Each structure stands twice: as C-alpha cells, then as structure tokens.
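Hi,

Here is the structure I promised to send over.

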Number of protein chains: 2
Amino acid sequence: MPVPRDAASRRSGIPDATVARLPIYLRVLGAFAESGLPTVSSEGLAAAAGVGSAKLRKDLSHLGSYGTRGVGYDVEYLVYQISRALGLTQHYPVAIIGVGNLGHALANYAGFGTRGFQIAALVDADPRRAGEVIAGIEIRHLDELETIIKEHEISIGVIATPAAAAQDVCDRLVACGVTSVLNFAPTVLAVPESVDVRKVDLSIELQILAFHEQRKSAGLHGEPGVAVPDVVRTSVASA
Amino acid sequence: MPVPRDAASRRSGIPDATVARLPIYLRVLGAFAESGLPTVSSEGLAAAAGVGSAKLRKDLSHLGSYGTRGVGYDVEYLVYQISRALGLTQHYPVAIIGVGNLGHALANYAGFGTRGFQIAALVDADPRRAGEVIAGIEIRHLDELETIIKEHEISIGVIATPAAAAQDVCDRLVACGVTSVLNFAPTVLAVPESVDVRKVDLSIELQILAFHEQRKSAGLHGEPGVAVPDVVRTSVASA
DNA sequence: CGTCGCTTGTGAACAGGTGCACAAAGCGCT
DNA sequence: AGCGCTTTGTGCACCTGTTCACAAGCGACG
C-alpha cells in the first residue's frame, strides 16, 4: 500500500491549474478593492477574471472556506488569503540577467514591485553598460554574478539574455543557489529537478495564434486543403 | 445521436496541448538542421525539447505519419511539416500597439521575423513618437489605427499598451477585423467568441514561481506553517 | 421566529492529456 | 533472403482538470 493520498495535495494542496489562475483573481480583486467594493460574488469575480463561476469557486475552495453563503467573498480578506497562499506576503528579491531591450522593459515594469517582488540586481555581459542606472538600479557586469546573487540572497532569477548565453547563465545561477528561473530566452533550459523553470516565449505565442488563424481562414474560404471536415452536422443522420 | 466524433478532431484535428508544443519542436529542429544533422530519433528530439519521447511521438502522430521506423525523423522534412501544420507557410502581418519599453523590445525581437511573421506596423498613442523609426518601421499615431489595420490586412494584433488602454485598443482592433490578439497588458480582455486571445503576463509568471519557492522553503525549514505534510513516505506503514 | 431567496462549497460525471508498453515496420548485416 | 536491432505509432489505463447540479448555509424580511 503505497500511501495513495490525493495526488493534488501530494505536492502542495493546491492544483497547478489553480495556482496559475490565482494571480489573475488577485489582480481583479485589486481593481475591485480600489473601487471600494466590499464583497463580490463568485459570479461577478469570475466574469471579471474571464472564467466560469464554478471553476472559480473550486479554485478558491482549495485555499479554504473564505466566503459567506448568500453574500459572496469579502474583497479585502480574499486578497489577503490569495496573497498568502501564493507566498506573496514575503518579499522575494529577483535578479534580471541581460539588460537588452527586453531586460530594460522588465526593469521598468511596474507590475513586479507592486506584487512583493523587488528587483535587487541588473546584470549584463557588456562591460560598457556597467554603471548605467535603470529604474534606480545600477547595472553590474556578468563577472560579478555569483557575488551579487549571494550578497542579496536571491532565489529567483530572470533570464533575458540572447538564447546562446541562456544555458550558461542558468547554470551559474543554479550553482549559486537560485531555485526558480523565469526564462525569456528562446531556449529549453536544462536544470536539476529541484529547480523550477517557467518560460515566456513571445514567438511561440504568436505561432499558436497563427495556427488558430489558419484554421479560421481555412474554414471561411471553404478550402478542402488539409483536414477540416467539420461543421458539426447536428442532424444529418440520413443514410 | 449527436455525432460524438472525437473531441480533439472536432476543432482542428490537433489537440491544443500539442499545438502549444509544436513551436518548441520547430525551434529545436531548426538548431539540429543548422548542425547538419539529417535525422533525429524521438528520443533525441524529446530530450532537446524537454518532454518525454512518448509524448513527442504522439504529438507528431497527429500531423501524420512522417518518420521512419528504426531510423527516426528527417529533420528538414519534419520542419516543413510542422511549419505547415502551424500555418507558418503563409506570412502573417502583425501590428504592435504601444511602443513603450515592451513594444520596443518586441519590435526588435528577431524571433518574429524568422518564423514567418512580419511586423507591418507600430502604433503609439503619444503623438511625439509618431515618425520615430524602430527596427526599420515608422511609428504611427493611434488615430490612424483603423486605416493601418485595413491597409495591411492585419489579422493579428499585439497589445503592448498600459493596462488602462488595452481594452479600448482591443475593441478597435476587433472592429477592424482582427481575429487574433496577443495581449501583454495586465488585463483580462473581453472579446467576441470568434476572436482568439492569448495573454503573456510577466508578473503572473513570477507569482507562480513565488508559490513554488514558498513551498520549497517551507519544506526546508520544516515549518509546520500551512499544510505541507509531504515527503512521500514510501514505506512508513507502521501504525 | 419561520420562511424565502441567494450564494457558496462540493460530489460526481465528463473531457482532455499523459505515460506505459508493445506490436508493426523498416534497415543493415550476414 | 533471413535475422535481429532499432525506432515509430498507438491502444489502454491513469490522472488532472473542468463542468454540472444541488444540498447546505447564511442573511433579510415579514
């Protein structure tokens, strides 16, 4: 008997799909809070977040039973509970490696600071950029990477380097004790199992859109092209 | 009898999860092609793409039976087939709305051009930026949005504006006939059902990492804090 | 104080995706 | 030609996530 336990709770008690949506709820709730709205129903919150109300309720039920039947959820309280569940009550220092166009944009992105993240360091491989100040942070040279990471006890690294440098930078980050990496470089990073990597790839998203775009236009023009024998055909059971 | 048909093939023949991975395969294959490698096994390709070999084979099987048993897949041919399946054989013009830090980075991002996407227009709300040239494209004012979209027959729009402007811009894009939107603004966009929206949110990714980070450190410090009664416990069946 | 309407929280059915394991199929060597 | 090695393609069981539908719970109002 290998202790089956519930597979979802084996890792953390909160399913991955739910974790991925909590930040959205958090943002929407923030907007509601600013409007002075005291409570929201699952229906209202779900609509604003672009999900079904049942899904939202199930998501929230994984954090506990906050919410009052017949009334809804207290906005402030729910913000706090989601923040706590996500671990945003503690402040994580992050380092951004690579201050090209994208790194520049990230350093100036307000969304980081407002959610408990603090950009502790900017690092670039170009010596000429060292000393430059962006968003109030001085750029330092890649050679100092190890020193900087340990100095600030950074556990989250953001890679915004060219693809060719990404794996090397990643290895060095991991060697310094970084356990979470957000990768913007178009490469698949190899890391030990204990390290979490999330990737954001602009071009992949576009390609996915292109696929759906193709599907639409194929349907529209009625091209017999690939394989779109679709059209539902609800009641053509005539033999 | 409502024609059950296979749910996956109802929409396009290729499951969404597979479509999301095809661009990764494509990129890895591109690297292999540059190395002059003529063929790859599912094992080799899967390792480079960071997925299991069975999953890769199942993914590829959805496009057809390209690949030779005992040998593997012809790199060049597979590149072509995946490109075709994704609809990258035709060139999609895209417009980027909002040329702040992020829009600037996107305009200079080489990954777009190399995959059959062409940045046809840059648009910004700030009149002072109109006329400025970035990546060889002249920035034009938001007022001309409708004209530009129709002029270039753009069906894919990239929104890189501040959150406050995103919904408005999106509505205008949709009104002009744009059917796919890539949204970088931290907002949930409301669109008609016929329009595809994909969102990329930098801060959400970080928050997801923070969650896992929290989980790790909680386990390490042995804090009884939330609910982490983990550690697998393979054979502690002693009562 | 009882009743009524509204909203949460959840059990259960369902759908989609993943991974295993193996039969089918090609290649090269003898 | 035949044999054995390799690798694909896929049926099947599992598991995660989604959706439905409803009982339980809470407040308001008469």
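Below is what I found, starting with the conventions.

This is a predicted model, in which local features need pLDDT of at least 70 and side-chain atom pairs count only at pLDDT 80 or more, while totals for chains, interfaces and linings use all residues. Residues are numbered from 1 along each chain as its sequence is written, chains are lettered from A and ligands numbered from 1 in the order in which they are written, and side-chain values use heavy atoms, with hydrogens and water left out.

On the interface: 73 residues of chain B are in contact with 75 residues of chain A (heavy atoms within 4.5 Å). The two chains bury about 6,600 Å² between them, 61% of it on carbon and sulfur atoms (accessible area, 1.4 Å probe, lost on being put together and summed over both). B:Arg27, B:Leu206 and B:Gln207 supply 10% of the area that chain B buries against chain A, more than any other three residues.

Six salt bridges cross the interface of chain B and chain A (a side-chain nitrogen of Lys or Arg within 4 Å of a carboxyl oxygen of Asp or Glu). In one salt bridge, A:Glu205 meets B:Arg198 through their side chains at 2.5 Å, N to O. Helix α10 (residues 202-221) of chain B gives the largest share of the side of chain B that touches chain A, 15 residues (helices are DSSP runs of H or I, at least four residues, numbered from the N terminus).

Finally, A:Arg69 is exposed, with a relative accessible area of 84% (exposed means over 50%, 1.4 Å probe, protein chains only). A:Arg69 lies 9.4 Å from A:Ser41, C-alpha to C-alpha, and the two are 28 residues apart in sequence.

Best wishes

Conventions
Helices (H or I, at least four residues) and strands (E, at least two) are DSSP runs, numbered from the N terminus. Buried means under 20% relative accessible area, exposed over 50%, partly exposed in between (1.4 Å probe, protein chains only).
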